[in-house]
Amino acid sequence: MLQKTHSIAGFISAEIFLTYQDISFFSWDAAGALLLGCLAGTLADVDKPGSTMAKVLFPLSALLRLLKVKHRTVTHSLLFLLLLIMMAMPLPALYFWVFILAYGSHPLIDLLNERGVELFWPIPFKIRLLPKFIAIDTGSTSETVFRWLLLAVSLVIPLAHLFPQILQMPL
């Protein structure tokens with residue numbers, strides 16, 4: 001998936017957590033959480049040379065390249081997510097959970113790609129959730145449609161939070 005798709009997925013992760021915690025979308029905490037969600041959703045691609053995260057976090061990206069880390073392996077694994085959980089523990093609860101959920105959204109939606117993810121790295125076994133013929137290929141029309149669906153969801157979540165009676169209307 002492209003960076004913009006991962007960014008929207010991270011944003012949605014932040015929205016879901018803000019809604020769960022009943023935090024107003026019109027607060028500085030929410031603004032920070034939504035920005036963090038957008039950034040954390042793209043972070044796992046630091047292992048992909050040329051990605052925005054690889055450019056922004058060049059020292060880390062260069063180290064991963066020196067260690068010959070392949071894309072969708074270490075940084076997309078559950079083991080790495082556990083490491084991030086331990087490293088993020090000092091963050092305030094709101095930002096901790098937004099960071100972890102948004103980061104976790106990245107490998108989750110990459111599981112919809114035909115190439116899959118080494119979720120259980122270092123075990124070299126790629127997992128994907130969809131059969132190849134309906135998998136979402138990076139940069140494809142199906143990814144664009146998926147991204148537009150995510151954008152629609154990102155609009156519905158705050159509206160449903162602000163106007164809960166909308167969800168209770170009979171059809």
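## Helix α1 against helix α6

The crossing of α1 and α6 is right-handed (the near helix is turned clockwise from the far one by less than a right angle). The model is predicted: local features need pLDDT of at least 70, side-chain atom pairs count only at pLDDT 80 or more, and totals for chains, interfaces and linings use all residues. Residues are numbered from 1 along each chain as its sequence is written, and side-chain values use heavy atoms, without hydrogens or water.

Helix α1 covers residues 3-20. Its axis comes within 8 Å of the α6 axis, and the two cross at roughly 140° (axes are fitted to C-alpha atoms over the stretch in contact, with angles from 0 to 180 degrees between N-to-C directions). The pair is therefore oblique (under 35 degrees is roughly parallel, over 145 roughly antiparallel, 65 to 115 roughly perpendicular, the rest oblique).

On the α1 side, the contact uses T5, H6, A9, G10, S13, A14, F17 and L18 (contact means heavy atoms within 4.5 Å). Helix α6 supplies L94, W97, V98, L101, A102, S105, H106, I109 and D110. By class, this contact of α1 with α6 has 10 nonpolar, 6 polar and 1 charged residues (Ala, Val, Leu, Ile, Met, Phe, Trp, Tyr, Cys and Pro are nonpolar; Asp, Glu, Lys and Arg charged; the others, Gly among them, polar).

## Helix α2 against helix α6

Helix α2 (residues 28-40) also packs on α6 (residues 93-110). The angle is about 25°, and the axes lie 8 Å apart. Helices α2 and α6 are therefore roughly parallel. Their crossing is right-handed.

From α2 come W28, D29, G32, A33, L36, G37 and A40. They meet L94, Y95, V98, F99, A102 and Y103 of α6. The residues of this contact of α2 with α6 split into 10 nonpolar, 2 polar and 1 charged.

L94, V98 and A102 of α6 take part in the contact with α1. L94, V98 and A102 also meet α2.

## The whole chain

The chain has 7 helices and 0 strands (DSSP runs, H or I of at least four residues for helices, E of at least two for strands, numbered from the N terminus). From the N terminus on, the order is α-α-α-α-α-α-α. Of the contacts with a separation of 6 or more, 60% join residues 24 or more positions apart.

The C-alpha atoms fill a box of roughly 55 × 45 × 25 Å along the principal axes. Of the 171 residues, 43% count as buried (under 20% relative accessible area, with a 1.4 Å probe and protein chains only).

How values were computed. Buried < 20%, exposed > 50% of the residue type's maximum accessible area, 1.4 Å probe, protein only.
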